[in-house]
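Dear colleague,

I am passing on a structure for you to look through, and my notes on what was found in it follow below. Please read them with the coordinates open beside you.

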Amino acid sequence: MNHKLDTLKKESDERGVALIRLEAGEVWEKRGDYPRAAESFGAGVDVLRRLGDKHGLARGLNRLGNVRFHGNDTEGALRHYEEALSVAIEIDDLQGTALLQANLGNVHLTRGDLERALSSYEEALSRFDEI
């Protein structure tokens, strides 16, 4: 029984550290230090993925996508947003799905793919209507 409690405590501590890494990433992002923000978000995402925390994972991947997008890495942003969208759909997070569709629209727009941008924005609006 103690081993199980120790395992739960360790996982709880690890999740807490991962969430703090996401928060620290937001500070680095606000400072405009996108490489450090990406490093912090990435470390948090790795732990959340290992722990199976899908809500935290979707949030972290979205933040990582934002950092990539603001750092002009549209390929990285696209990759992280698409993975976050997949997780958000899996956990039936309608608001997260809508926001991620809008973020994907921003990437497509920046890349000059107007049709895909419009499609993503329309999908985002459709998801918001479901909320």
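I begin with helix α6 (residues 114-130), whose 17 residues reach 25 Å from the first C-alpha to the last, close to the 24 Å expected at 1.5 Å a residue, the expected span being 1.5 Å times one less than the number of residues. Helices here are DSSP runs of H or I with at least four residues, strands are runs of E with at least two, and both are numbered from the N terminus.

Before going further, please note that this is a predicted model, in which local features need pLDDT of at least 70 and side-chain atom pairs count only at pLDDT 80 or more, while totals for chains, interfaces and linings use all residues. Residues are numbered from 1 along each chain as its sequence is written, and side-chain values use heavy atoms, with hydrogens and water left out.

The buried residues of α6 are Ala117, Ser120, Ala124 and Arg127, where buried means under 20% relative accessible area, exposed over 50%, and partly exposed in between (1.4 Å probe, protein chains only). Seen down the axis of α6, these buried residues fall within an arc of 90°, so they line one face of the helix; the arc is that of the directions from the helix axis to the C-beta atoms. Leu114, Glu115, Leu125 and Asp129 are exposed on the other side of α6. The cover over the buried residues of α6 includes α4 (74-90) and α5 (94-110), with contact meaning heavy atoms within 4.5 Å.

A salt bridge is counted when a side-chain nitrogen of Lys or Arg lies within 4 Å of a carboxyl oxygen of Asp or Glu. Arg127 and Glu123 are four residues apart in helix α6 and are therefore separated by about one helical turn, and Glu123, at 28% relative accessibility, counts as partly exposed.

A search of the whole structure finds 10 salt bridges. One of them joins the side chains of Glu26 and Arg63 (3.9 Å, N to O); Glu26 lies in helix α1 (residues 2-30) and Arg63 in helix α3 (residues 54-70), so the pair ties together parts that are 37 residues apart in sequence. Arg63 counts as buried at 18% relative accessibility, and Glu23, Glu26, Glu29, Arg59 and Arg63 are linked in a network of salt bridges. Lys54 forms a salt bridge with Glu90, with 2.8 Å between the closest N and O atoms; because Lys54 lies in helix α3 and Glu90 in helix α4, this pair ties together parts that are 36 residues apart in sequence. Lys54 is partly exposed, its relative accessible area being 33%.

As for the chain as a whole, there are six helices and zero strands, and the C-alpha atoms fill a box of roughly 55 × 35 × 20 Å, taken along the principal axes. Of its 131 residues, 40% count as buried. Among contacts with a separation of 6 or more, residues 24 or more positions apart account for 49%.
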